[in-house]
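Visitor: I have a chain open here and would like to talk it through. Could you walk me around it?

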Amino acid sequence: MATGNGGGTGAGGTGHGGGGGGSCEPELSDSLRTFGAVLKALREEARLTQEQFAPLVRYSVAYVAKIEQGKRFPPRDLLDRSEEVLGAVAGRVLRAAAKSLTRKAGLASWFRQWAGVEEEAVSLYAYECRAIPGLLQPEPYIRTVFDRRLPPVTEEQLDREVAARLDRQQVIVQRPNTAFSFVIEQAVLERSLGGSQVTTAVIDHLLSMGRVRNVEIQLMPLRQEDHCGVDGHMYLAETPDHRWLGYTEGQRSSNLISAPKDVSVLLQRYGKLRAQAHDCRATVRLLEQMRGAR
């Protein structure tokens with residue numbers, strides 16, 4: 001298990017749920033920009049486009065682009081894979097650049113890494129008991145979440161973070177072969193964050209997203225005597241090489257979980273949660289009922 005302290009990982013820091021105290025698309029650090037520029041220069045020196053380079057290092061073109069822009073923390077595998085493609089000298093240069101990598105104070109320590117996992121996942125599961133998962137939030141809900149965050153943000157920061165979260169949601173459209181599964185506590189909707197209009201927008205959005213072929217949405221009923229999610233929310237992702245990783249968040253902290261034994265526990269719990277929640281059809285009926293009552 002890897003643990004990082006990040007200001008604003010929380011549901012809001014990563015874009016999973018509420019406004020935990022950080023940006024869903026973290027600010028760029030100089031060291032990340034520098035590493036990205038070095039990688040781009042070495043790639044271009046080898047006369048490779050991003051479209052040619054990405055499959056050789058076994059990452060998507062979009063992910064390579066974000067690393068070169070300094071928007072993603074490069075995974076360890078990238079250094080070895082890049083050396084195989086670009087040569088030993090380029091490998092040494094990249095490793096030297098990687099040694100200076102830093103994250104600015106206040107960044108979610110593991111979010112950059114999890115965001116990369118999320119973008120490459122072939123399966124992505126989420127159980128949320130705090131807020132609507134970030135990938136399913138309509139704009140009025142996103143704006144409400146960040147508007148109520150403490151410490152307060154400026155209007156410029158608010159607009160930037162809303163835009164960043166909406167951009168991240170494109171992963172569902174861009175990865176039609178990825179299986180997305182969401183189990184959400186009904187209580188999150190009953191809370192009516194932002195008021196009736198915002199909640200109606202959320203319900204409409206969930207109904208719309210539930211019609212997407214690769215998305216399954218299930219609500220956990222308010223009463224469930226056998227509930228096995230008492231330890232809190234969880235996120236799970238299956239990587240392209242079919243390894244599973246887990247991710248959890250707390251107040252200004254986060255955990256990337258990679259130990260197979262620990263990930264197995266989360267998978268068992270998530271499987272049970274899916275069985276305990278309303279199925280997809282019953283969820284649609286409940287959402288329609290909730291909307292009609294507003």
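Predicted model: local features only at pLDDT ≥ 70, side-chain atom pairs only at ≥ 80, totals over all residues.

Visitor: Fine. How many helices and strands are there in the chain?

Guide: The chain has 14 helices and seven strands, and buried residues make up 52% of its 294 residues.

Visitor: And what share of the contacts with a separation of 6 or more comes from residues 24 or more positions apart?

Guide: Those pairs account for 76% of the contacts in that set.

Visitor: Let's go to α12 and α14. How do they pack?

Guide: Helix α12, residues 196–209, packs against helix α14, residues 280–292, at an angle of about 155°, and their axes are 10 Å apart. Angles over 145 degrees count as roughly antiparallel, and α12 and α14 are therefore roughly antiparallel to each other. Their crossing is left-handed.

Visitor: Which residues meet there?

Guide: On the α12 side they are T200, I203, D204, L206 and L207, and these meet V284, L287, E288, M290 and R291 of α14. By type, the residues of this contact divide into six nonpolar, one polar and three charged.

Visitor: Which residues of α12 are buried, and what covers them?

Guide: V198, T199, T200, V202, I203, L206, L207 and M209 are the buried residues of α12. Their cover includes α14, together with the helices α8 (139–147), α10 (170–174) and α11 (186–190) and the strands β3 (179–185) and β4 (215–220).

Visitor: Switching topic: is α4 mostly covered or mostly open?

Guide: Helix α4, residues 61–68, is mostly covered, with six of its eight residues buried, namely Y63, V64, A65, K66, I67 and E68. Just after α4 comes G70, which takes a positive phi of about 80°.

Visitor: Last one, L86. Where is it, and is it buried or exposed?

Guide: L86 lies in helix α5, residues 76–86, and because its relative accessibility is 17%, L86 counts as buried.

Visitor: What is L86 in contact with, beyond its sequence neighbours?

Guide: Leaving aside neighbours within four places in sequence, L86 is in contact with L42, R43, A46, L48 and F53. As for E45, L86 is 41 residues from E45 in sequence, while their C-alpha atoms are 9.0 Å apart in space.

Note on methods:
Residues numbered from 1 in each chain as written. Heavy atoms only, no water. Axes fitted to C-alpha atoms, helices over the stretch in contact; angles between N-to-C directions. Helix = DSSP H or I, 4+ residues; strand = E, 2+ residues; numbered from the N terminus. Parallel < 35°, antiparallel > 145°, perpendicular 65-115°, else oblique. Left-handed = near helix turned anticlockwise from the far one by under 90°. Contact = heavy atoms within 4.5 Å. Nonpolar A, V, L, I, M, F, W, Y, C, P; charged D, E, K, R; others polar. Buried < 20%, exposed > 50% of the residue type's maximum accessible area, 1.4 Å probe, protein only.
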